[in-house]
Every structure is written in C-alpha cells, then in structure tokens.
Amino acid sequence: MLLVPRQLRRTGMTGNVPYYGGRFTPAQAYAAAHPRAERPPQPAPADASVVVAGGGSRPSRAEQLEALTHLLGSGVLTEAEYQELRARVAP
Amino acid sequence: MGPVQVLVIGLDQPEFTGEVLAELSRLRSAGIVRLVDVLVVARRDDGAFETLAEPTAMTPSRGELAAAVLGSGEDESASMAQDGLDRPRLPTWSLADSVPAGTTAAVALIEHTWAAPLRDAINRVGGVPLEETWLAPDDVLLLEQMMRQDAP
C-alpha cells in the first residue's frame, strides 16, 4: 500500500521543547531577521562564497540575499522562511 | 498514555531481530516501555513509500496504527507550500526526512510508560521544558569515566 508521509510536529518526551533539529533556533532566526544588530565576529564559514565582506560591518543587501540563498540551497531554510526573511532584508 | 517515541531504523532486512524484540518485551514487563506498533516501509527510488507486510506480527495492529499516524493518505506538500507563511512555524518532520530513497526501514511507536508520571509532575509544578536531547556517545563515555573516578 502506498503511504504519503504526513508532516508531524516535533516534540520532546516532557513536552514541547524548542527542538530545532537543524532548523533555526529563536536566537538565530532573530539574528537573521535583524541584520543591523551588532553581532560578535563569526568564524569564517567553510564556503568562501558566502563570506561577508568587511568583517563586523553591515553586509550589503546583495550579500544578505546571497547568504539567504545559500541557506535555502543548503536546506537550512524552507522556501517560506526564505521568502519571509528575504522580504525583511532592507532595500 | 505516556510519551510516544518514533524510532526509525534502516534495515537491510525488513524485520527486527529476535534480540531486539526480546529486549522490548523485557522492558514492557518492567513497565518501562510498550511497543505500540511497528510499520515496515520501503522507499522506492522515485521517493514514494510503500508499506510492507511484517514478517512476524509484533503488535496486534500490524502497522495500521503507525501508518494512520505517520501517513496522511494525501499529498500535503502542495498545500503546505501554498500556505507556508500562514501556517504556524512549528518544527516538523516526516518519514520523507528520515528514510532515503531505495531503502527499507522499520518504524516503531514506543510508549515510554515510565515517563508519564515524570511529565505529569513537571506539568503540575509549572515546569517548562527548555531542552531535551541525548548525550553523544563520546560524552557518555566521558561521563562513565568520571563516574568511575568518583566511585569509592
């Protein structure tokens, strides 16, 4: 018999723990949604194509979009999350 | 009912070994866990899932309960994509995230009967679960070593 898998909510044994299993944590989602906020220097990512120029300075819109596209392509973001965050990137 | 764990095990042969079943039986006798249902699935190369008959009946429902819980019988992906921004953004998963194409897996629903009183006690005092995970094997090894050192 064919079975179409259903999307199930993740939960913990003791309740709805904030389990993200490879997804954004609230802190990461907030940071991504507020690109102007000061952030501590991050270690260089393995993929040099998404390195943000300027060290701790604010990345350009194009760089932010490129980073979001990378996150979408690597499966970190869903299409819906990508579109939502993309809309928040300052013009 | 206690918390129910979904355990997805990739298998070369679509059956649990007798050793695994014996251990689950022992844990049930001890009031620790209860094997609610087992579903065996094969994922075709095109990504579609098929349920397989159990070689041996491990539970009375023979996978029907698990299939009903884990499968919708209709394709949700299109509707989820359409209303993605409106749907509550809860972390979700499905068998499609876990079982690679071209493989077979046994999916067990295991009730942790021991955990129900603990969960209820946490709820009664207003406790809020903030994290729940397992220690990695290396960290368990480290823990064991430290416990041995502390032992009298």
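Helices and strands here are DSSP runs, with a helix (H or I) needing at least four residues and a strand (E) at least two, and they are numbered from the N terminus. By that rule, chain B has six helices and five strands. Following the sequence of chain B, they come in the pattern β-α-β-β-α-α-β-α-β-α-α.

Before we go further, a word on how to read this structure. It is a predicted model, in which local features need pLDDT of at least 70 and side-chain atom pairs count only at pLDDT 80 or more, while totals for chains, interfaces and linings use all residues. Residues are numbered from 1 along each chain as its sequence is written, and chains are lettered from A and ligands numbered from 1 in the order in which they are written.

Let's start with the sheet. Strands of a sheet pair through backbone hydrogen bonds, either parallel or antiparallel. Two strands count as paired if DSSP finds at least two bridges between them. Here five strands make an open sheet with antiparallel pairing, in the order S1(A)-S3(B)-S2(B)-S5(B)-S1(B). At the edges are strand S1 (2-3) of chain A and strand S1 (4-11) of chain B, each of which pairs on one side only.

Now look at strand S2 of chain B, residues 34-43, which is joined by eight bridges to the antiparallel strand S5 of chain B, residues 104-111. Across this pairing, B:Val41 faces B:Ala105 in S5(B), and B:Ala42 stands opposite B:Thr104. S2(B) also pairs with strand S3 of chain B, residues 49-52, in the antiparallel sense over four bridges. There, B:Ala42 stands opposite B:Glu50. Five residues lie between the strands of the hairpin of S2(B) and S3(B), where B:Gly47 takes a positive phi near 95°.

Next comes the inside of chain B. A residue is buried if 20 or more other C-beta atoms, placed from the backbone, lie within 10 Å of its own; it is exposed if there are 12 or fewer, and partly exposed in between. Of the 152 residues of chain B, 14% are buried. A nonpolar core is a set of buried Ala, Val, Leu, Ile, Met, Phe, Trp, Tyr and Cys residues joined through C-beta atoms within 7 Å. In the largest such core, with 17 residues, B:Val38, B:Leu39, B:Val41 and B:Val107 touch the most other members. S2, helix H2 (64-70) and S5 of chain B each give two or more residues to this core, and the largest share, six residues, comes from S5(B).

Contacts tell us how chain B folds back on itself. Two residues are in contact if their C-beta atoms, placed from the backbone, lie within 7 Å. Among contacts in chain B with a separation of 6 or more, 74% are between residues 24 or more positions apart. Leaving out residues up to four places away in sequence, B:Val107 touches B:Val6, B:Val8, B:Val38, B:Leu39, B:Val41, B:Ala66, B:Leu70 and B:Leu95.

B:Gly2, in the segment before S1 of chain B, gives another example. Setting aside neighbours within four places in sequence, B:Gly2 is in contact with B:Glu111, B:His112, B:Thr113, B:Ala115 and B:Ala116. The C-alpha atoms of B:Gly2 and B:Pro117 are separated by 8.2 Å, although these residues are 115 residues apart along the chain. Is B:Gly2 buried or partly exposed? B:Gly2 counts as partly exposed because 19 other C-beta atoms lie within 10 Å.
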